[in-house]
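Please open the structure in your viewer and keep the selection tool at hand. The tour below moves from one selection to the next and says what is found at each stop.

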Amino acid sequence: MTARLLPGAPAAAALLADVAARAARLPAPPRLVMVRLGDDPASVSYVRGKDRQARAAGLESTVHALPEATTQAELLALIAGLNADPAVNGILVQLPLPAHVSEQAVLHAIDPRKDVDGFHPVNVGELWAGRPALRPCTPAGILFLLDHYGLPVVGQRAVVVGRSHIVGRPLAGLLLNRDATVTVAHSRTPDLAAVTREADLLCVAVGQPHLITPGMVKAGATVIDVGINRVPGQDGGKAHLTGDVDPAVAEVAGAITPVPGGVGPMTIAQLLANTVTAAEMQAGGQGTR
Ligand SMILES: Nc1nc(=O)c2c([nH]1)NC[C@@H]1CN(c3ccc(C(=O)N[C@@H](CCC(=O)O)C(=O)O)cc3)C=[N+]21
């Protein structure tokens, strides 16, 4: 048997339709401001994609493309201005930042109510307390995708491989808030295969091409592949993207997300959803669970 494929595009389209409808109910279109430093090609391309999709969903979007040499003080001054500007609903500083800028200092400086990445410690705390707030985009997008395809979460044995602040940790928190039984595995987990084979819902976010092989997956499990690995083409061929999950896992799993075209599109759609949520909160609403 081969697994049901879970493409991100239809789920992202459903989320974006909701984003557009909610945006239209607000007194003014929500405004997202993105900041990036330097010219890392992946960052340039991601920010361009987010900007384009924001406009397509009826949001307003501004990009501050600053030189690599921008100082931390200059960046913090820009953020302070955006925090104080009532016309700005969401702020995203594209990561990674150059080595001379402290990621922690920058993420702590963003007003938690405008923190559409959900990375501010206030929002991290609210997530683990199970209270409504802004949630990190990739984990929240994964939950939306599971719901979109009618895949159960409550009571499932969920294993998250990876403990990053951007994906693994917050995804574990969201799954726990939804009443899954959650295990977080990582690079120091002995006998990883024994742990992953327990999973009804296996989520992998480590950045290692094809780490998860068919023997590590329970028959019929749902597999969420968050890995985006750029692998060079063979014999001068084109580079391509591949996930953390060996494609042969599709012979064992019940359902699996593709890479590219799985979790990635959900991340962007969720960023725009968070921007609308931020605007709603600033107009007196509650945030999301
Ligand atoms: N402050 C901040 N917030 C982020 O959310 C953030 C960030 N910094 N820095 C970098 C990572 C990475 N990220 C992705 C978003 C969409 C795709 C995506 O749409 N990927 C496509 C493929 C895109 C391609 O071809 O490269 C896909 O999976 O189908 C990928 C990666 C957001 N990030």
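**A tour by selection**

Begin by selecting residues 8–117, a span that is 49% helix and 16% strand and whose end C-alpha atoms lie 19 Å apart; helices here are DSSP runs of H or I with at least four residues, strands are runs of E with at least two, and both are numbered from the N terminus. UniProt, in an unreviewed entry, annotates residues 8–117 as "domain: Tetrahydrofolate dehydrogenase/cyclohydrolase catalytic"; such positions are given in the numbering used here, feature names are shortened, and annotations may be inferred rather than shown by experiment.

Before going further, note that this is a predicted model, in which local features need pLDDT of at least 70, side-chain atom pairs count only at pLDDT 80 or more, and totals for chains, interfaces and linings use all residues. Residues are numbered from 1 along each chain as its sequence is written.

Next, select residues 136–282, where the unreviewed UniProt entry places the feature "domain: Tetrahydrofolate dehydrogenase/cyclohydrolase NAD(P)-binding". Over this span the chain is 32% helix and 18% strand, with the end C-alpha atoms 18 Å apart.

Now colour domain 1 (28–117) and domain 2 (136–265), into which the protein chain is divided, with bounds that come from an automatic or database domain assignment. The C-alpha centres of domain 1 and domain 2 lie 28 Å apart.

Which residues are closest to the ligand? Select L95, P260, G261, G264 and T267, the closest of the 16 residues that surround the ligand, where a residue is near if its C-beta atom, placed from the backbone, lies within 6 Å of the molecule. The elements that give two or more residues to this shell are β4 (90–93) and α9 (263–282), and α9 supplies the largest share, four residues. At least three residues of the shell come from each of domain 1 and domain 2.

Colouring the shell by residue type shows 11 nonpolar, four polar and one charged; Ala, Val, Leu, Ile, Met, Phe, Trp, Tyr, Cys and Pro count as nonpolar, Asp, Glu, Lys and Arg as charged, and the others, Gly among them, as polar.

Finally, zoom out to the whole protein chain, which has nine helices and 11 strands and whose C-alpha atoms fill a box of roughly 55 × 45 × 35 Å along the principal axes. Of its 289 residues, 43% count as buried, meaning that 20 or more other C-beta atoms, placed from the backbone, lie within 10 Å of the residue's own.

Conventions: Buried ≥ 20, exposed ≤ 12 C-beta atoms within 10 Å, placed from the backbone.
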